[in-house]
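User: Hey, I'm new to this one. Could you walk me through it?

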Amino acid sequence: MYNRNNLCSIQKQATMEPVVHQIWPRVWQRLHRPLALLRKNHSGCTHHSSFAPSPSPHLSRPRSLPLVSRLYQPSNLRDVGPDSRLQGEQTCKSQRLMQQAGLVYPSNPGCYYYLPATVRAMEKLVRVIDEEMQGIGGQKLDMPSLCSADLWKTSDRWELMGKELFRLKDRHGSDYCLGPTHEEAVTTLVAHQTTLSHRQLPLLLYQITRKFRDEPKPKFGLLRGREFYMKDMYSFDMSEEAAYQTYESVCEAYTRLFTRLGLRCVQVQADTGNIGGTLSHEFQLPADIGEDRLLVCGSCSFSANVETLPLDQTNCPKCKTGSLAQSKGIEVGHTFYLGKKYSQMFNAAFSNTQNKATITEMGCYGLGVTRILAAAIEVLSTDDEIHWPDLLAPYQVCVLPPKKGSKADEASNIAEDMAYSLGETLPSLKGEVVMDDRTHMTIGKRLKDAKRLGYPFVIVVGQGALEEQPKFEVICQKSGETMFLSKDGLLDLLQIVETV
(Lines give C-alpha, C1' and ligand atoms only; values in the text may rest on other atoms or scores of the structure.)
Protein backbone atom coordinates (compact mmCIF):
# COMPACT_ATOMS: atom_id res chain seq x y z
CA MET A 1 0.00 0.00 0.00
CA TYR A 2 1.08 3.56 -0.61
CA ASN A 3 1.40 5.78 2.42
CA ARG A 4 0.18 9.37 2.34
CA ASN A 5 3.60 10.78 1.39
CA ASN A 6 3.89 8.44 -1.59
CA LEU A 7 0.38 9.35 -2.75
CA CYS A 8 1.18 13.07 -2.57
CA SER A 9 4.31 12.44 -4.56
CA ILE A 10 2.39 10.60 -7.28
CA GLN A 11 -0.24 13.33 -7.45
CA LYS A 12 2.48 15.99 -7.72
CA GLN A 13 4.21 14.02 -10.48
CA ALA A 14 0.94 13.65 -12.39
CA THR A 15 0.35 17.39 -12.10
CA MET A 16 3.85 18.23 -13.37
CA GLU A 17 3.84 15.86 -16.38
CA PRO A 18 1.88 18.16 -18.76
CA VAL A 19 4.15 21.08 -17.84
CA VAL A 20 7.27 19.01 -18.44
CA HIS A 21 5.95 17.86 -21.82
CA GLN A 22 5.42 21.52 -22.77
CA ILE A 23 8.85 22.71 -21.64
CA TRP A 24 11.06 19.81 -22.72
CA PRO A 25 10.97 20.44 -26.51
CA ARG A 26 12.07 24.05 -25.89
CA VAL A 27 14.88 22.95 -23.58
CA TRP A 28 15.93 20.35 -26.17
CA GLN A 29 16.08 23.04 -28.88
CA ARG A 30 18.16 25.32 -26.67
CA LEU A 31 20.62 22.56 -25.77
CA HIS A 32 21.11 21.62 -29.40
CA ARG A 33 21.27 25.16 -30.81
CA PRO A 34 25.07 25.57 -30.33
CA LEU A 35 25.62 22.19 -31.99
CA ALA A 36 23.73 23.36 -35.06
CA LEU A 37 26.20 26.20 -35.60
CA LEU A 38 28.67 23.81 -37.16
CA ARG A 39 26.92 21.28 -39.39
CA LYS A 40 28.18 18.98 -42.07
CA ASN A 41 26.97 18.55 -45.63
CA HIS A 42 26.74 15.22 -47.43
CA SER A 43 30.43 15.37 -48.43
CA GLY A 44 31.48 15.63 -44.77
CA CYS A 45 32.79 19.21 -45.02
CA THR A 46 32.09 21.49 -42.08
CA HIS A 47 30.04 24.62 -42.76
CA HIS A 48 29.75 27.65 -40.52
CA SER A 49 26.41 28.81 -39.17
CA SER A 50 24.34 30.83 -41.62
CA PHE A 51 23.35 33.20 -38.80
CA ALA A 52 19.74 32.34 -39.63
CA PRO A 53 17.12 33.57 -37.19
CA SER A 54 15.67 31.15 -34.64
CA PRO A 55 12.95 28.98 -36.20
CA SER A 56 10.78 29.41 -33.12
CA PRO A 57 9.81 32.97 -32.16
CA HIS A 58 8.78 31.65 -28.74
CA LEU A 59 12.26 30.32 -27.92
CA SER A 60 13.93 32.99 -25.78
CA ARG A 61 17.66 33.08 -25.18
CA PRO A 62 19.32 33.59 -21.81
CA ARG A 63 20.35 37.22 -21.23
CA SER A 64 24.04 36.62 -21.72
CA LEU A 65 24.68 38.94 -24.65
CA PRO A 66 25.99 42.40 -23.71
CA LEU A 67 23.68 45.04 -25.14
CA VAL A 68 24.83 48.63 -25.61
CA SER A 69 21.56 49.94 -24.19
CA ARG A 70 22.25 48.16 -20.90
CA LEU A 71 25.96 48.89 -20.53
CA TYR A 72 26.76 51.41 -17.81
CA GLN A 73 28.86 53.66 -19.99
CA PRO A 74 27.27 57.09 -19.64
CA SER A 75 28.81 59.18 -22.40
CA ASN A 76 29.20 62.93 -22.24
CA LEU A 77 28.97 62.94 -18.46
CA ARG A 78 31.03 66.08 -18.62
CA ASP A 79 32.08 67.93 -21.73
CA VAL A 80 35.86 68.13 -21.75
CA GLY A 81 37.03 70.13 -24.71
CA PRO A 82 40.65 70.36 -25.86
CA ASP A 83 41.08 73.76 -24.23
CA SER A 84 38.91 73.29 -21.14
CA ARG A 85 40.05 72.83 -17.55
CA LEU A 86 38.54 70.27 -15.18
CA GLN A 87 38.66 71.03 -11.46
CA GLY A 88 41.93 72.85 -11.95
CA GLU A 89 43.54 70.02 -13.93
CA GLN A 90 45.30 70.27 -17.26
CA THR A 91 43.60 68.10 -19.84
CA CYS A 92 44.91 65.99 -22.71
CA LYS A 93 43.51 63.87 -25.53
CA SER A 94 43.26 60.63 -23.56
CA GLN A 95 41.48 62.32 -20.66
CA ARG A 96 39.01 64.05 -22.95
CA LEU A 97 38.25 60.91 -24.97
CA MET A 98 37.89 58.68 -21.91
CA GLN A 99 35.49 61.05 -20.18
CA GLN A 100 33.41 61.74 -23.29
CA ALA A 101 33.10 57.98 -23.92
CA GLY A 102 32.02 57.24 -20.35
CA LEU A 103 35.17 55.28 -19.48
CA VAL A 104 36.12 57.32 -16.41
CA TYR A 105 34.45 59.96 -14.27
CA PRO A 106 36.26 62.44 -12.00
CA SER A 107 35.67 62.09 -8.28
CA ASN A 108 38.03 64.74 -6.91
CA PRO A 109 41.35 66.10 -8.17
CA GLY A 110 43.56 63.19 -9.20
CA CYS A 111 40.95 60.51 -8.41
CA TYR A 112 38.55 58.81 -10.81
CA TYR A 113 35.72 56.33 -11.00
CA TYR A 114 36.79 53.55 -13.36
CA LEU A 115 33.58 52.64 -15.20
CA PRO A 116 32.82 49.08 -16.43
CA ALA A 117 34.42 49.30 -19.89
CA THR A 118 37.65 50.61 -18.36
CA VAL A 119 37.62 47.87 -15.74
CA ARG A 120 37.30 45.26 -18.52
CA ALA A 121 40.30 46.76 -20.33
CA MET A 122 42.28 46.99 -17.12
CA GLU A 123 41.54 43.37 -16.20
CA LYS A 124 42.87 42.32 -19.61
CA LEU A 125 46.03 44.35 -19.05
CA VAL A 126 46.46 42.72 -15.64
CA ARG A 127 46.18 39.27 -17.27
CA VAL A 128 48.93 40.17 -19.77
CA ILE A 129 51.12 41.49 -16.93
CA ASP A 130 50.47 38.33 -14.91
CA GLU A 131 51.51 36.16 -17.86
CA GLU A 132 54.79 38.01 -18.30
CA MET A 133 55.64 38.28 -14.59
CA GLN A 134 54.80 34.66 -13.84
CA GLY A 135 56.67 33.66 -16.98
CA ILE A 136 59.92 34.75 -15.29
CA GLY A 137 59.04 33.19 -11.94
CA GLY A 138 57.04 35.97 -10.31
CA GLN A 139 54.63 35.05 -7.52
CA LYS A 140 51.62 37.27 -6.89
CA LEU A 141 50.66 38.49 -3.43
CA ASP A 142 48.77 41.40 -1.90
CA MET A 143 50.21 43.72 0.74
CA PRO A 144 48.40 46.23 2.96
CA SER A 145 47.93 49.73 1.56
CA LEU A 146 48.04 51.07 5.13
CA CYS A 147 51.72 51.05 6.10
CA SER A 148 53.22 51.67 9.54
CA ALA A 149 55.26 54.84 9.90
CA ASP A 150 57.85 52.81 11.86
CA LEU A 151 58.87 50.96 8.69
CA TRP A 152 59.27 54.18 6.74
CA LYS A 153 61.19 55.84 9.54
CA THR A 154 63.57 52.87 9.61
CA SER A 155 64.41 53.47 5.95
CA ASP A 156 64.53 57.27 6.47
CA ARG A 157 61.88 57.71 3.79
CA TRP A 158 59.23 59.03 6.18
CA GLU A 159 60.87 62.47 5.93
CA LEU A 160 62.50 61.99 2.54
CA MET A 161 59.15 61.54 0.74
CA GLY A 162 57.93 64.90 2.04
CA LYS A 163 54.42 66.02 1.15
CA GLU A 164 53.91 63.33 -1.52
CA LEU A 165 53.20 60.80 1.24
CA PHE A 166 49.58 60.56 2.42
CA ARG A 167 49.89 60.41 6.23
CA LEU A 168 47.27 59.65 8.85
CA LYS A 169 46.86 58.68 12.50
CA ASP A 170 44.63 55.96 13.90
CA ARG A 171 42.48 56.41 17.00
CA HIS A 172 45.43 55.42 19.19
CA GLY A 173 47.64 58.14 17.78
CA SER A 174 49.86 55.78 15.77
CA ASP A 175 51.23 57.13 12.46
CA TYR A 176 50.55 55.45 9.13
CA CYS A 177 50.83 56.23 5.44
CA LEU A 178 49.03 55.08 2.32
CA GLY A 179 51.72 53.21 0.44
CA PRO A 180 52.97 54.72 -2.82
CA THR A 181 55.41 51.80 -2.99
CA HIS A 182 56.23 48.79 -0.79
CA GLU A 183 59.99 48.25 -0.47
CA GLU A 184 59.87 48.47 3.33
CA ALA A 185 56.81 46.25 3.68
CA VAL A 186 57.98 43.42 1.40
CA THR A 187 61.50 43.38 2.85
CA THR A 188 60.07 43.10 6.36
CA LEU A 189 57.87 40.22 5.17
CA VAL A 190 60.86 38.32 3.77
CA ALA A 191 63.01 39.14 6.82
CA HIS A 192 60.46 37.45 9.07
CA GLN A 193 60.95 34.19 7.14
CA THR A 194 63.99 32.95 9.01
CA THR A 195 64.17 29.70 7.02
CA LEU A 196 64.67 31.27 3.56
CA SER A 197 67.13 29.05 1.66
CA HIS A 198 69.40 29.75 -1.30
CA ARG A 199 67.38 27.07 -3.12
CA GLN A 200 64.36 29.41 -3.06
CA LEU A 201 66.24 32.23 -4.79
CA PRO A 202 65.71 34.20 -6.89
CA LEU A 203 62.47 35.10 -5.13
CA LEU A 204 60.24 37.45 -7.13
CA LEU A 205 57.15 38.77 -5.35
CA TYR A 206 54.74 41.17 -7.00
CA GLN A 207 51.34 42.75 -6.54
CA ILE A 208 48.91 44.84 -8.58
CA THR A 209 47.13 47.24 -6.25
CA ARG A 210 46.00 50.81 -5.73
CA LYS A 211 48.76 53.24 -4.86
CA PHE A 212 48.53 56.74 -3.42
CA ARG A 213 50.66 59.83 -3.97
CA ASP A 214 49.74 63.35 -2.94
CA GLU A 215 50.51 65.03 -6.25
CA PRO A 216 50.65 68.83 -5.88
CA LYS A 217 49.01 69.34 -9.30
CA PRO A 218 47.20 66.28 -10.67
CA LYS A 219 46.76 66.55 -14.43
CA PHE A 220 46.16 64.68 -17.66
CA GLY A 221 43.56 62.31 -16.23
CA LEU A 222 44.95 58.87 -15.45
CA LEU A 223 48.44 59.90 -16.53
CA ARG A 224 49.17 61.75 -13.30
CA GLY A 225 46.77 61.20 -10.44
CA ARG A 226 46.74 60.86 -6.68
CA GLU A 227 45.27 57.36 -6.71
CA PHE A 228 46.26 54.80 -9.33
CA TYR A 229 46.95 51.14 -10.01
CA MET A 230 50.51 49.90 -10.17
CA LYS A 231 52.31 46.60 -10.55
CA ASP A 232 55.28 46.52 -8.19
CA MET A 233 57.65 43.55 -8.10
CA TYR A 234 60.51 42.94 -5.66
CA SER A 235 63.35 40.49 -6.25
CA PHE A 236 65.67 38.80 -3.74
CA ASP A 237 68.90 37.17 -4.97
CA MET A 238 71.89 35.46 -3.41
CA SER A 239 74.57 37.53 -5.15
CA GLU A 240 75.15 40.73 -7.08
CA GLU A 241 75.70 38.79 -10.28
CA ALA A 242 72.44 36.86 -9.85
CA ALA A 243 70.60 40.10 -9.05
CA TYR A 244 71.80 41.66 -12.30
CA GLN A 245 70.56 38.60 -14.20
CA THR A 246 67.15 38.98 -12.57
CA TYR A 247 67.19 42.69 -13.41
CA GLU A 248 67.81 41.89 -17.08
CA SER A 249 65.10 39.21 -17.16
CA VAL A 250 62.53 41.70 -15.82
CA CYS A 251 63.58 44.34 -18.38
CA GLU A 252 63.20 41.75 -21.14
CA ALA A 253 59.74 40.83 -19.82
CA TYR A 254 58.76 44.52 -19.91
CA THR A 255 59.94 44.75 -23.51
CA ARG A 256 57.86 41.69 -24.43
CA LEU A 257 54.85 43.15 -22.65
CA PHE A 258 54.93 46.43 -24.57
CA THR A 259 55.56 44.60 -27.83
CA ARG A 260 52.45 42.47 -27.23
CA LEU A 261 50.49 45.67 -26.64
CA GLY A 262 51.81 47.23 -29.84
CA LEU A 263 53.43 50.11 -27.96
CA ARG A 264 56.84 51.46 -29.00
CA CYS A 265 58.53 51.94 -25.65
CA VAL A 266 62.10 53.12 -25.15
CA GLN A 267 64.25 51.85 -22.29
CA VAL A 268 66.27 54.81 -21.00
CA GLN A 269 68.94 55.32 -18.38
CA ALA A 270 67.29 56.92 -15.34
CA ASP A 271 67.90 58.45 -11.93
CA THR A 272 67.25 56.28 -8.85
CA GLY A 273 65.43 59.11 -7.03
CA ASN A 274 64.09 58.57 -3.51
CA ILE A 275 63.81 54.79 -4.00
CA GLY A 276 67.57 54.47 -4.15
CA GLY A 277 69.94 51.85 -5.54
CA THR A 278 72.79 51.97 -8.03
CA LEU A 279 71.10 51.24 -11.37
CA SER A 280 67.80 52.35 -12.84
CA HIS A 281 65.94 52.39 -16.15
CA GLU A 282 62.66 53.95 -17.24
CA PHE A 283 60.38 52.61 -19.95
CA GLN A 284 59.17 55.65 -21.83
CA LEU A 285 56.37 55.95 -24.37
CA PRO A 286 57.24 58.82 -26.73
CA ALA A 287 54.48 61.46 -26.67
CA ASP A 288 54.24 65.20 -27.11
CA ILE A 289 52.54 65.67 -23.74
CA GLY A 290 55.16 63.58 -21.94
CA GLU A 291 56.63 65.26 -18.87
CA ASP A 292 60.02 63.55 -19.12
CA ARG A 293 62.70 64.87 -21.45
CA LEU A 294 64.74 62.19 -23.14
CA LEU A 295 68.03 62.17 -25.03
CA VAL A 296 68.35 59.52 -27.72
CA CYS A 297 71.44 58.76 -29.78
CA GLY A 298 70.93 58.57 -33.53
CA SER A 299 73.91 56.26 -34.06
CA CYS A 300 73.58 53.61 -31.34
CA SER A 301 71.06 52.26 -28.82
CA PHE A 302 71.88 54.73 -26.05
CA SER A 303 69.03 56.72 -24.51
CA ALA A 304 68.69 58.51 -21.21
CA ASN A 305 66.54 60.80 -19.14
CA VAL A 306 68.12 64.26 -19.20
CA GLU A 307 68.32 64.10 -15.38
CA THR A 308 71.21 61.62 -15.67
CA LEU A 309 73.45 63.66 -17.98
CA PRO A 310 75.18 67.06 -17.79
CA LEU A 311 72.98 69.89 -19.03
CA ASP A 312 75.24 70.78 -21.95
CA GLN A 313 75.95 67.23 -23.16
CA THR A 314 75.21 66.78 -26.87
CA ASN A 315 77.46 63.85 -27.81
CA CYS A 316 76.60 60.23 -27.01
CA PRO A 317 78.57 58.95 -23.97
CA LYS A 318 78.36 55.39 -25.31
CA CYS A 319 79.48 55.45 -28.95
CA LYS A 320 81.24 58.87 -28.64
CA THR A 321 80.35 59.79 -32.22
CA GLY A 322 76.58 60.07 -32.34
CA SER A 323 74.64 63.18 -31.43
CA LEU A 324 71.82 63.20 -28.87
CA ALA A 325 68.35 64.26 -29.99
CA GLN A 326 65.83 65.42 -27.42
CA SER A 327 62.25 64.16 -27.21
CA LYS A 328 59.44 63.80 -24.66
CA GLY A 329 58.04 60.65 -23.11
CA ILE A 330 55.45 59.25 -20.70
CA GLU A 331 57.03 57.00 -18.08
CA VAL A 332 55.07 53.73 -17.96
CA GLY A 333 57.61 51.51 -16.22
CA HIS A 334 60.64 51.81 -13.95
CA THR A 335 63.26 49.31 -12.77
CA PHE A 336 65.78 49.64 -9.93
CA TYR A 337 68.74 47.56 -8.77
CA LEU A 338 68.68 48.18 -5.01
CA GLY A 339 71.59 46.07 -3.82
CA LYS A 340 71.45 45.73 -0.02
CA LYS A 341 69.84 49.14 0.65
CA TYR A 342 66.69 47.70 2.21
CA SER A 343 67.67 44.10 2.91
CA GLN A 344 70.55 45.23 5.16
CA MET A 345 68.47 47.58 7.30
CA PHE A 346 65.60 45.08 7.71
CA ASN A 347 67.89 42.02 7.89
CA ALA A 348 66.35 40.09 5.00
CA ALA A 349 68.71 37.13 4.92
CA PHE A 350 68.89 33.62 3.49
CA SER A 351 70.92 30.50 4.25
CA ASN A 352 73.74 30.17 1.70
CA THR A 353 75.35 26.95 0.46
CA GLN A 354 77.46 26.81 3.65
CA ASN A 355 74.26 27.23 5.71
CA LYS A 356 75.32 30.71 6.85
CA ALA A 357 72.98 33.68 7.04
CA THR A 358 73.64 36.07 4.15
CA ILE A 359 71.93 39.35 3.26
CA THR A 360 69.97 39.24 -0.02
CA GLU A 361 70.52 41.45 -3.05
CA MET A 362 67.33 43.25 -4.10
CA GLY A 363 65.65 44.87 -7.07
CA CYS A 364 62.28 46.55 -7.52
CA TYR A 365 60.26 46.97 -10.69
CA GLY A 366 57.16 49.08 -11.32
CA LEU A 367 54.54 49.30 -14.06
CA GLY A 368 51.85 51.98 -14.05
CA VAL A 369 48.76 49.94 -14.91
CA THR A 370 46.27 52.79 -15.27
CA ARG A 371 48.96 54.97 -16.80
CA ILE A 372 49.69 52.36 -19.49
CA LEU A 373 45.98 52.31 -20.33
CA ALA A 374 45.73 56.10 -20.65
CA ALA A 375 49.12 56.47 -22.39
CA ALA A 376 48.13 53.88 -24.99
CA ILE A 377 44.95 55.80 -25.76
CA GLU A 378 46.97 59.02 -25.88
CA VAL A 379 49.44 57.80 -28.51
CA LEU A 380 47.23 55.47 -30.57
CA SER A 381 43.97 57.44 -30.82
CA THR A 382 42.83 60.17 -33.14
CA ASP A 383 41.23 63.36 -31.85
CA ASP A 384 37.75 61.84 -32.21
CA GLU A 385 38.16 58.07 -31.91
CA ILE A 386 39.65 55.87 -29.21
CA HIS A 387 42.09 53.27 -30.51
CA TRP A 388 42.94 50.55 -28.01
CA PRO A 389 45.87 48.15 -28.08
CA ASP A 390 44.31 45.09 -29.74
CA LEU A 391 44.49 42.94 -26.62
CA LEU A 392 42.93 45.54 -24.33
CA ALA A 393 39.76 46.63 -26.13
CA PRO A 394 36.83 46.15 -23.71
CA TYR A 395 34.94 44.30 -26.47
CA GLN A 396 36.44 43.06 -29.72
CA VAL A 397 33.29 43.09 -31.87
CA CYS A 398 30.22 45.31 -32.05
CA VAL A 399 27.23 44.12 -34.12
CA LEU A 400 24.88 46.77 -35.52
CA PRO A 401 21.35 45.56 -36.45
CA PRO A 402 19.34 47.63 -38.95
CA LYS A 403 17.21 50.57 -37.86
CA LYS A 404 13.75 49.57 -36.72
CA GLY A 405 11.20 50.15 -39.47
CA SER A 406 13.83 50.41 -42.22
CA LYS A 407 13.83 48.35 -45.41
CA ALA A 408 16.42 46.04 -43.87
CA ASP A 409 14.46 45.53 -40.62
CA GLU A 410 13.95 41.86 -41.50
CA ALA A 411 17.68 41.32 -40.91
CA SER A 412 17.34 42.14 -37.20
CA ASN A 413 17.00 38.49 -36.24
CA ILE A 414 20.07 37.64 -38.31
CA ALA A 415 22.05 40.30 -36.45
CA GLU A 416 20.94 38.96 -33.07
CA ASP A 417 21.71 35.39 -34.07
CA MET A 418 25.14 36.45 -35.30
CA ALA A 419 25.95 38.28 -32.06
CA TYR A 420 25.17 35.15 -30.05
CA SER A 421 26.75 32.70 -32.48
CA LEU A 422 30.13 34.38 -32.87
CA GLY A 423 31.12 33.65 -29.28
CA GLU A 424 29.93 30.05 -29.60
CA THR A 425 31.58 29.39 -32.94
CA LEU A 426 34.84 31.18 -32.12
CA PRO A 427 35.83 30.44 -28.49
CA SER A 428 38.32 33.33 -28.44
CA LEU A 429 35.38 35.73 -28.86
CA LYS A 430 33.31 34.35 -25.99
CA GLY A 431 32.19 37.39 -24.00
CA GLU A 432 33.85 39.72 -26.53
CA VAL A 433 30.82 40.54 -28.71
CA VAL A 434 28.41 43.36 -27.92
CA MET A 435 25.28 44.27 -29.86
CA ASP A 436 24.09 47.85 -30.27
CA ASP A 437 20.39 47.26 -29.82
CA ARG A 438 19.46 50.96 -29.97
CA THR A 439 17.56 50.34 -33.18
CA HIS A 440 15.60 53.57 -32.85
CA MET A 441 18.83 55.25 -33.98
CA THR A 442 20.21 55.21 -37.50
CA ILE A 443 23.08 52.95 -38.49
CA GLY A 444 25.19 56.05 -39.16
CA LYS A 445 24.76 57.42 -35.65
CA ARG A 446 25.51 54.07 -34.02
CA LEU A 447 28.47 53.53 -36.31
CA LYS A 448 29.88 56.89 -35.26
CA ASP A 449 29.48 55.91 -31.60
CA ALA A 450 31.12 52.53 -32.22
CA LYS A 451 34.15 54.17 -33.84
CA ARG A 452 34.38 56.69 -31.04
CA LEU A 453 34.37 53.93 -28.40
CA GLY A 454 37.07 51.95 -30.17
CA TYR A 455 35.63 48.52 -31.02
CA PRO A 456 38.32 46.86 -33.19
CA PHE A 457 35.66 45.30 -35.45
CA VAL A 458 32.19 46.65 -36.24
CA ILE A 459 29.75 44.46 -38.19
CA VAL A 460 26.85 46.20 -39.91
CA VAL A 461 23.96 43.85 -40.67
CA GLY A 462 21.92 45.52 -43.38
CA GLN A 463 20.15 44.78 -46.66
CA GLY A 464 23.06 42.65 -47.85
CA ALA A 465 22.35 40.09 -45.14
CA LEU A 466 18.97 39.32 -46.78
CA GLU A 467 20.44 38.45 -50.18
CA GLU A 468 20.69 34.89 -51.47
CA GLN A 469 24.43 35.08 -50.82
CA PRO A 470 24.45 37.15 -47.59
CA LYS A 471 27.07 39.86 -47.22
CA PHE A 472 28.05 41.73 -44.06
CA GLU A 473 29.75 45.10 -43.87
CA VAL A 474 32.81 44.88 -41.60
CA ILE A 475 34.80 47.93 -40.47
CA CYS A 476 38.30 47.25 -39.13
CA GLN A 477 39.24 50.21 -36.97
CA LYS A 478 42.99 49.56 -36.92
CA SER A 479 43.40 49.62 -40.71
CA GLY A 480 40.41 51.87 -41.43
CA GLU A 481 39.33 49.35 -44.06
CA THR A 482 35.69 48.53 -44.84
CA MET A 483 35.00 45.05 -46.23
CA PHE A 484 31.88 43.25 -47.47
CA LEU A 485 32.25 39.62 -46.47
CA SER A 486 30.31 36.41 -46.67
CA LYS A 487 29.59 34.55 -43.45
CA ASP A 488 32.61 32.30 -44.01
CA GLY A 489 34.83 35.26 -44.87
CA LEU A 490 33.71 37.01 -41.72
CA LEU A 491 34.55 34.01 -39.54
CA ASP A 492 37.91 33.59 -41.26
CA LEU A 493 38.69 37.23 -40.43
CA LEU A 494 37.63 37.02 -36.78
CA GLN A 495 39.14 33.66 -35.94
CA ILE A 496 42.62 35.20 -35.91
CA VAL A 497 41.67 37.79 -33.27
CA GLU A 498 43.87 37.34 -30.20
CA THR A 499 42.31 37.80 -26.77
CA VAL A 500 43.39 37.35 -23.15
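Predicted model: local features only at pLDDT ≥ 70, side-chain atom pairs only at ≥ 80, totals over all residues.

User: Got it. Which helix does Leu257 lie in?
Analyst: Leu257 belongs to helix 7, residues 240–260. Helices (H or I, at least four residues) and strands (E, at least two) are DSSP runs, numbered from the N terminus.

User: And what does Leu257 touch?
Analyst: Leaving out residues up to four places away in sequence, Leu257 touches Val128, Ile129, Glu132 and Leu367. Contact here means heavy atoms within 4.5 Å. Take Glu132: in sequence Leu257 and Glu132 are 125 residues apart, but in space they are 6.7 Å apart, C-alpha to C-alpha.

User: How do helix 3 and helix 7 pack, then?
Analyst: Their axes are 10 Å apart and the angle is about 150°. That makes helix 3 roughly antiparallel to helix 7. Axes are lines fitted to C-alpha atoms, for helices over the stretch in contact, and angles run from 0 to 180 degrees between N-to-C directions. Under 35 degrees counts as roughly parallel, over 145 as roughly antiparallel, 65 to 115 as roughly perpendicular and the rest as oblique.

User: Which residues of helix 3 and helix 7 meet?
Analyst: From helix 3 you have Val128, Ile129, Glu131, Glu132 and Met133, and they meet Ala253, Tyr254, Arg256, Leu257 and Arg260 in helix 7. By class, this contact of helix 3 with helix 7 has 6 nonpolar, no polar and 4 charged residues. For those classes, Ala, Val, Leu, Ile, Met, Phe, Trp, Tyr, Cys and Pro count as nonpolar, Asp, Glu, Lys and Arg as charged, and the others, Gly among them, as polar.

User: What about helix 3 and helix 9, at what angle do they pack?
Analyst: Helix 3 (residues 116–135) and helix 9 (residues 369–380) pack at about 115°, with axes 10 Å apart. Helix 3 and helix 9 are therefore roughly perpendicular to each other. On the helix 3 side, Thr118, Ala121, Met122, Leu125, Val126 and Ile129 meet Val369, Thr370, Ile372 and Leu373 in helix 9. That contact of helix 3 with helix 9 has 8 nonpolar, 2 polar and no charged residues.

User: Switching to strands: what order does the open sheet of 3 strands have?
Analyst: The order is 6-8-7, with antiparallel pairing. Strand 6 (146–148) and strand 7 (166–169) are the edge strands, each pairing on one side only. Two strands pair if DSSP finds at least two bridges between them. Strand 7 and strand 8 (residues 175–178) have 4 bridges, in the antiparallel sense.

User: Who is opposite whom there, say for Phe166?
Analyst: Phe166 stands opposite Leu178 in strand 8, and the bridge partner of Lys169 in strand 8 is Asp175. In the hairpin of strand 7 and strand 8, with 5 residues between the strands, Gly173 takes a positive phi near 85°.

User: Last one: how many helices and strands are in the chain?
Analyst: The chain has 12 helices and 23 strands. Of its 500 residues, 49% are buried.

Terms used
Residues numbered from 1 in each chain as written. Heavy atoms only, no water. Buried < 20%, exposed > 50% of the residue type's maximum accessible area, 1.4 Å probe, protein only.
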